[in-house]
Amino acid sequence: MKAYRDLEGNTRLFRPDRNFRRLNQSASRLALPTFDEAVMVQLLARSPGFSLYLRPTLVGTEASISVSRPREAMLYVIASPMGNYFTSGPRAVSLEATASPVRAWPGGVGDCKFSGNYAPSIVPQEESGSRGFQQNLWLLGEGENAYVTEAGTMNIFIVRINKQDGIKELITPPLDGTILPGVTRESVIELAKERLVPQGWRVLEKKVLMSDLEKASGEGHLLEVFGTGTAAVVSPVRSIQWRGKTLNCGLENYVEAGPVSLLTKEWIENIQYGRTKHQWR
């Protein structure tokens, strides 16, 4: 999560309750002790500082090499100064769709926030980087049945026009146990349902096949793709490489971000910095 300085010079935390709830869920799954979320929120709220990236960390500390539930653990918070992720505005990234190796699988721990989900992705990320891509887009399944889960450091959103009825849709893969339940993801969904649905949009959590994404791109129904996460908030996607083809994600060559990604970024940051009053504060 992040701490922000608002217009009055006060320090604000963005949805710390959601972040601690996710950490507790991960701790429970990994046989680590849980903690009082409200106490942690109060503790951080008393901490002075500037714009900080805050990473609550929970590790087992029992002096044992046995494979068992630890009887001792340490909960601490890493605080690191965080500048503007995009110094000159959002810049679109390119993703490489990756079906193998697999980041997470049904029934596993892909929905837990822990280091074991990140370390195995470093080598595939380096390999994609050597080919000119900023992140992997992790898939499950093979060939025409491969579907989108999430990117290396962010959840994925797709903006398209439904070709059957012409209605605009904002779609993100569902929480099926293979992706991280991002707090920014949850926030975008809630705000979009409040603000886009009354304008005639659909906001959906549904499985997205890469073959359908390829078809939407080729037919011109794919308007935007963007990622969400704590660091960048919203990150536009220019293209996705899949099976030797480059899928255009709706951006013109001279454009770095589409209107929906810019709008959702503005929604979130206005709340984070206190420019808009909201119940999440």
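How do the residues lining the second largest pocket divide into nonpolar, polar and charged? I shall answer that at once: there are eight nonpolar, three polar and seven charged. Here Ala, Val, Leu, Ile, Met, Phe, Trp, Tyr, Cys and Pro count as nonpolar, Asp, Glu, Lys and Arg as charged, and the others, Gly among them, as polar.

Please note that this is a predicted model, in which local features need pLDDT of at least 70, side-chain atom pairs count only at pLDDT 80 or more, and totals for chains, interfaces and linings use all residues. Residues are numbered from 1 along each chain as its sequence is written, and side-chain values use heavy atoms, with hydrogens and water left out.

A pocket is an open set of points on a 1 Å grid over the protein atoms alone, where a 1.4 Å probe fits, with protein on both sides within 12 Å along at least five of seven lines; lining residues have an atom within 4 Å of a point.

In the second largest pocket, 18 residues form the lining, and Arg160, Lys163, Asp212, Leu213 and Ala216 lie nearest its centre.

I turn now to the largest pocket. Its lining has 45 residues, and Lys113 is among those closest to the centre. By class, 23 are nonpolar, 16 polar and six charged.

Lys113 counts as partly exposed because its relative accessibility is 31%, between the limits of under 20% for buried and over 50% for exposed (1.4 Å probe, protein chains only).
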